[in-house]
Amino acid sequence: MSDTEETPLEESSGEVGKEEEEYNPNFEEDNLQHSLTEGTLSWEQSQEESQEDGEELEKWIDKEEPIEGEEEEGVVLKETERKAGKTEEESPSGTPEVSEIYKDISMKADIIEEAAIGSQEETGQKPEDISAQEKDEVRFGQNLEERQKLFQSKGVSGKESLVSISTEDTLFQKEEDSKVYPLSMTWSFGWNSSLPVYYMREDRRVLLYISGHTAVIYDVFGNTQYHLQGHPNIISCLCVSNDRRWIATADEGPDCLIIIWDAFTGIPVHTIFDSCPDGNGIRSVAITRDSKFLATISDAEIQKVCIWKWTLAVETPACTLELPKEYGFQENLIFNPANNRELVSNSKTQAVYYNWFEDKGILVHSAPLLTEKTFNKLVGKFSQSVFHLKLPQVLSATKEGKLVVWDIHYPHSAPSSSSSSSSSSVSAFPYIKPRKLVHLQKEAITVLTTIDSYIVTGDIKGNIKFYDHTLSIVNWYSNFKLSAIRTLSFSKTLPSPPTEKSNLPTDCTLRGDLFVVRNFIIGTFDATVYHMTVDGTKLEKLFVEPRDAVHAISCHPYQPLIAVGSVCGMIKVWDFEKKVYLFSRAFEKGLGVQCLTYNPEGALLGAGFTEGTVYILDAMSLENESSEPFKYSKSSVSHVSFSHDSNYMATADVNFTVAVYVVVVKNGQRVWEYLARLRSHRNSIRSLLFGVHLDSNEPRLLSLGKDRFLIEYNLVKSYKDHLEVLDIHRTDQGNYPTCMIWYPPLTKELFLLICNSGYKVKLFNATTKMCRKTLLGPAYGSPIEHAQVLPVKSTLELQKRYLVFINKDKVGLQILPVDGNPHKTCAIVCHPNGVSGMALSYDGRYAFTAGGQDRSVVQWKINLGALEAAVSLGGEDLTPFYGLVSGGREGKFYRELEDYFYYSQIRSQGIDTMETRQVSEHICLSELPFVMRAIGFYPSEEKIEDMFNEIKFSEYVDTGKLIDKINLPDFLKVYLNHRPPFGNTMDGIQNSFDVLGFTNSEGKKAIRREDFLNMLLTKGEHMTEEEMFDCFATLFGLTPEGWKSEPAATCTPGPEICLQKELPEEITAEIFTTEILGLTLSNSSEELNQ
């Protein structure tokens, strides 16, 4: 409720008696008094002077030349003007470039109106008796069937554009999309509290807000969401038209987009590509009151202001203006509601006024610099700027609670065509000049807006105040104890006239009139959204979302519950089927939730925090299960995991330490105790996994680190403060592992599935830790970061399993078993700024992704049928694999592979033999490395050993036999799965030189010749001197290539070579690649683009 009970007259007097500072002697104006009466009189005198400027404005506008092409925006835009009370006349359109969608809208609306007027005439009602509101209902009526009948009666086809015949209810009448996508967004938890919330519709209480790269239209009463998807990056700004019909969104990042949506249908009616090719995207966007024009400010070092005639479906702006760096980072762009040609924006230090001359295609601006000497007072940093409701003025709010009043000065005559010359004076264009500084309040003003006849402010203390056009206080709300106000959005519905049943507050004037204003939405900096019903002063909290990064999510093992944890210290639990918030807990300041995990029974919730604390909570109340939390780590806890019997819990932190907690029985009760911890890794821990010993059913614990070590711990032999290590295995040579899971029992052999940074999926024997298979994993711009096997609903589905994974910015599905077939996987962008967590519902119907810094969690519906359909379209047998090689099955590469494969048979039988050749479909395993190198893949000795093991043991579990040969189809699969996914790249070689080399005199990383030769002989899979000399002799052309590899040539002596002469003293990556190896490589980025 308002604070009219709290001595309103006294408060009002204090507000009206605001402190006003004169602009230094440049203005001929009397000093204002601080008393209420004298201050008001002085203000009214200043308004009279401003009225004269207003008359100049009218003369200025009258003298502007008529602009062609304003009329083709269509009936939808005319309707907006009519609702806003405008009577601007529009001449018939003559522009052929007008967008077809608006031509259709105009034609159909005119036909409907004619039909309605005709029907009124038949009933005896004259056309002029039809009110504007009735015409509105005709053009945009609520009954879709009646409108379709009108179309048919006038001979219009029933197959009309959905945009032209839609109503406000159309969006929420849409049926669920057909199941054509493997993953489809169904709900978005959280919102970007840095951006405004818009009040779209009051009768259903429909809101518009941003969640990550998606605009969400949320029906509060119906508890439904509609998602506007299409941006490749995080949405950075948005705006809506005055009639709430059109929504404009823009993003920041590469290939940024500006999209204009139809709010009635959710259809993107126009998309602007490459709107900011030189910058990072769009910082602010604004739309005119009549919806005809759009304005943007880029997010770049040199900011650009652009105005777009978006209704013409153009790809280039009507005009562009570059702003000097001295203006600061401009944002908060807004059009003058009364004049489409005027705009204002501000940075923290400077406000900029713009005037657009459409006929000349130029945008002029005025940006006077304010200092403390301007008013002899501290001004403060600007927050937002708006145009005055009635006068030619701009108002800029500051963080000091002050308001800077700028006068807009218009020239006495319109600029001539020669005025654009360098000799033209500044006065030929409109400009602003500071008039006075008004001290409205003590609190910093965070929001400044206008509605109807009021100027509205929101401040850092949660107060909302309403002023009239003379800046006299009318009413305020300050006793709700809100956080700092981030956004205010008023309903488009005008308030109802007061009645006897009305419970409206009285304003703060001496007359004490009823305070009538539209209902509005309040968004605060702590990510809370409220609805204010003015009649009765009822404040309703609509939702509270995390105000900080969200990394932790976990799904209940057998109920439709999801727990979401934020760095702000909040854990919220939702019913994800009913989309209902259930309960939450806010921890004390400084405790940020980093990870969450339910135990297998679903009774407990383990929580790891950013400062190292570990809580074990009751899953249904979020109360502490143990008397005190565990505080054994000094760094953020990144992983929490429970054993299958819930007797053990393990955690990992960012200091590479694994800690184990165990359940013990004390006094007949089960209590959790700390067991031991060990700093077992040298780099970040990527996975912490419990398993089961098959022979004893006892838990087993494994950890996987970025240091490439897979470590298993011996829980049985571990005791207080001592965590026993069972064994350590290295998983990779060059790439590092990213995640680890238990592979489902699709075979008789039990595997660990490990993904690595080289886009590979490796299967390791769960007992021996031998690498049994290496397969090409999903390659969608970045390697897999986390993966889970999709739960099944019944035992009938156990033989068909699926993997859900996330990488840097996408979520995807993979059909198991993994075999390198690219058609068995799919992915979609879920969080462009990075995915930080993933969870799966207990029934396998939904996947959830956490967006980290974008403060959102997205629920994805899984449709496996669509993925299976994509696999069938990709072909059978080897058909999908042929597409992975250059030229396909009939290409040059595959033909060469066949030649090498059959030449290998000849080579194994002897080059010079005269005996009958034994033609076969197979080659010996010993020939495999030679064929691999012949076609351009150079595996290490360890990779060759992995290939041998993969082939030899491929049938051992089923038949007990070892395989010692391979055919061409299997060879192709092995080659495709083991080779680097993007070939050899210059980036990979350069990275090696960056690690091993020094910076030479030219600033490049290089390796000295002696060090280079020494590393070849002593480091890694080192060579013998004979092998090294043989390789260099072949590379420098002193011996025929491959001569030592031929059996008949093994006894031939090799030529002597002096490496001191052949090799340069300093070897760089370029020299090594081009001069020594003789390769021509491209950068990995180019390969990725291809």
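This is a predicted model: local features need pLDDT of at least 70, side-chain atom pairs count only at pLDDT 80 or more; totals for chains, interfaces and linings use all residues.

Visitor: How many bridges join strand β48 to β49?

Guide: Strands (E, at least two residues) are DSSP runs numbered from the N terminus, and two strands pair if DSSP finds at least two bridges between them. Here, five bridges join β48 (residues 760–765) to β49, and the two run antiparallel. L763 has K773 of β49 as its bridge partner. Five residues lie between the strands of this hairpin, and among them K769 takes a positive phi near 65°.

Visitor: Why is strand β49 described as largely enclosed?

Guide: A residue is buried under 20% relative accessible area, exposed over 50%, and partly exposed in between (1.4 Å probe, protein chains only). Five of the six residues of β49 (residues 771–776) are buried, so the rest of the structure largely encloses this strand.

Visitor: What is the strand order in the open sheet of three strands?

Guide: The order is β35-β36-β37, with antiparallel pairing. β35 (593–598) and β37 (614–618) stand at the edges with a single partner strand each, so one side of each has no neighbour in the sheet. On average, neighbouring strands are turned by 20° against each other, direction ignored; the axes are lines fitted to C-alpha atoms, and angles run from 0 to 180 degrees between N-to-C directions. Five bridges pair β36 (residues 604–609) with β37, and G608 stands opposite V614 in β37.

Visitor: Which residues have the most contacts inside the largest nonpolar core?

Guide: In soluble globular proteins, nonpolar side chains tend to be buried together. A nonpolar core is a set of buried Ala, Val, Leu, Ile, Met, Phe, Trp, Tyr and Cys residues joined through side-chain atoms within 4.5 Å. The largest has 37 residues, and those with the most contacts inside it are M200, L208, I247, I258, I260 and L294.

Visitor: How many disulfides are counted?

Guide: A disulfide is a pair of cysteine sulfur atoms within 2.5 Å, and the count is zero. The sulfur of C276 is 5.4 Å from its closest cysteine sulfur, in C256, which is too far for a bond. C276 is buried, at a relative accessible area of 10%.

Key. Residues are numbered from 1 along each chain as its sequence is written. Side-chain values use heavy atoms; hydrogens and water are left out. Helices (H or I, at least four residues) and strands (E, at least two) are DSSP runs, numbered from the N terminus.
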